[in-house]
Amino acid sequence: MDSLGGMGSFPSDPKTQIMRQVQQEAAMQNARMLVEKLNEHCFERCVPKPGTSLSKGEEGCVTSCMEKYMGAWNTVSKQYVARIQRESAQGGAVQNL
């Protein structure tokens with residue numbers, strides 16, 4: 001994909017512009033959801049009694065939790081994209097999602 005709007009399409013094509021905007025909005029929503037889930041799972045798990053600062057143990061726990069959660073998120077996302085691409089290449093609609 002090139003920086004002008006996609007695979008061989010013209011950047012002024014309204015359909016391409018809308019598709020790019022939808023993709024960007026979906027990416028932003030995914031990023032927001034990731035941060036929300038990180039806060040929900042890792043903070044609640046690692047910081048039982050919130051205070052004015054985090055202890056070294058809490059910092060380590062949050063860091064480790066975030067790394068694991070993001071790794072799992074990336075794995076699931078890659079598998080989901082690969083499935084969509086496979087089904088798209090087969091010419092069928094995405095089923096059972």
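Contact here means heavy atoms within 4.5 Å. By that criterion, Glu-58 touches Cys-46, Val-47, Pro-48, Lys-49 and Ser-53, leaving aside residues up to four places away in sequence. Glu-58 is found in helix H2. The residue is buried yet has no salt bridge. Its nearest side chain of opposite charge, Lys-49, is 9.4 Å away.

The model is predicted. Mean pLDDT for the protein is 81, and 82% of its residues reach 70 or more. Over residues 1-9 the pLDDT is below 50. Beyond near neighbours in sequence, this stretch has nine contacts in the model.

Helix H1 covers residues 14-46. At 1.5 Å a residue, its 33 residues should span 48 Å. The end C-alpha atoms of H1 are 47 Å apart, which agrees. Buried residues in H1 are Thr-16, Leu-34, Leu-38, Cys-42 and Cys-46. Their cover includes helix H2, residues 56-89.

Two salt bridges were counted. One joins the side chains of Lys-37 and Glu-40, at 3.8 Å from N to O. Both residues lie in helix H1, three residues apart, about one turn of the helix. Lys-37 is partly exposed, with a relative accessible area of 26%. Glu-40 also counts as partly exposed, at 32% relative accessibility.

Another salt bridge joins the side chains of Glu-87 and Arg-83, at 3.0 Å from N to O. These residues lie in helix H2, four residues apart, again about one turn. Buried means under 20% relative accessible area. Glu-87, at 17%, therefore counts as buried. Arg-83 has a relative accessible area of 25% and is partly exposed.

Conventions: Residues are numbered from 1 along each chain as its sequence is written. This is a predicted model: local features need pLDDT of at least 70, side-chain atom pairs count only at pLDDT 80 or more; totals for chains, interfaces and linings use all residues. Side-chain values use heavy atoms; hydrogens and water are left out. pLDDT is the predictor's confidence in each residue, from 0 to 100. Helices (H or I, at least four residues) and strands (E, at least two) are DSSP runs, numbered from the N terminus. The expected span of a helix is 1.5 Å times one less than its number of residues. Buried means under 20% relative accessible area, exposed over 50%, partly exposed in between (1.4 Å probe, protein chains only). Lys and Arg count as positive and Asp and Glu as negative; His and the chain ends are not counted. A salt bridge is a side-chain nitrogen of Lys or Arg within 4 Å of a carboxyl oxygen of Asp or Glu.
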